[in-house]
Amino acid sequence: MEYKQPYAAVDIANWFINQFDKESGDVVTHLKIQKLLYYSEAWSQLLLSRDVFQEDMEAWAHGPVVRAVYNEFSGNGWDPLAPSKELIDFDEDTLDILSQVLETYGESSAKTLEHMTHKDRPWIDARNGLAPEARCNTVMPKEDIKIYFNEKYGDKLNG
């Protein structure tokens, strides 16, 4: 399949939602989806040197957030998100990134992922010293995410 990216973040969010088996009690919340989007963008930047979705992420109090995805699912509050019937065909490289993110971070709780993102420099820098609970909608530049993840993991991947 030809690369036709970057995708819409809501399409990637729906892909993740559809991977959780609601029948077996395995559900995903809006908070968790936002963190999976962050790690998808980070790993796509690191491994593919490209955006996985077109929208920017903002440094909100509970971690990185894609506003368009927030707007799409905000009516759910803390309730589990329902699977989507709309399926997007992702190119093979993107699907590989999404699958690896799901495998690596999918079993972690939303709060665990939130705490992890709060330790990452792109979120910290975008908030510029604000208290963790303070409102903030500063964009986390994708280049900052790429640089940070390259510094953190680049040697392990290349060495």
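**Helix 2 and what packs around it**

Reader: Which residues of helix 4 does helix 2 meet?
Author: From helix 2, the residues involved are K32, L36, Y39, S40, W43, S44, L47 and L48 (contact is heavy atoms within 4.5 Å; helices are DSSP runs of H or I, at least four residues, and strands runs of E, at least two, numbered from the N terminus). This is a predicted model, so local features need pLDDT of at least 70, side-chain atom pairs count only at pLDDT 80 or more, and totals for chains, interfaces and linings use all residues. Residues are numbered from 1 along each chain as its sequence is written, while side-chain values use heavy atoms, leaving out hydrogens and water. On the helix 4 side, they meet D93, I97, L98, V101 and Y105.

Reader: OK, and what is the packing geometry of helix 2 and helix 4, in words?
Author: Their axes are 9 Å apart, at an angle of about 130 degrees (lines fitted to C-alpha atoms over the stretch in contact, angles 0 to 180 degrees between N-to-C directions). Under 35 degrees would be roughly parallel, over 145 roughly antiparallel, 65 to 115 roughly perpendicular, and the rest is oblique. So helix 2 relative to helix 4 is oblique.

Reader: What about helix 5: at what angle does it pack on helix 2?
Author: Helix 5 covers residues 110-117, and its axis is 9 Å from that of helix 2. The contact brings L31, K32, K35, L36, Y38 and Y39 of helix 2 up against A110, K111, L113, E114, M116 and T117 of helix 5. The two helices are therefore oblique to each other, at about 45 degrees.

Reader: How many residues of helix 2 are buried?
Author: Helix 2 is mostly covered (buried is under 20% relative accessible area, exposed over 50%, partly exposed in between, with a 1.4 Å probe and protein chains only). Out of its 19 residues, the buried count is 17.

Reader: Is K142 buried or exposed?
Author: K142 sits in helix 7. Leaving out residues up to four places away in sequence, K142 touches E41, Q45, D51, F53, Q54, E55 and D56. Its relative accessible area is 10%, so K142 is buried.
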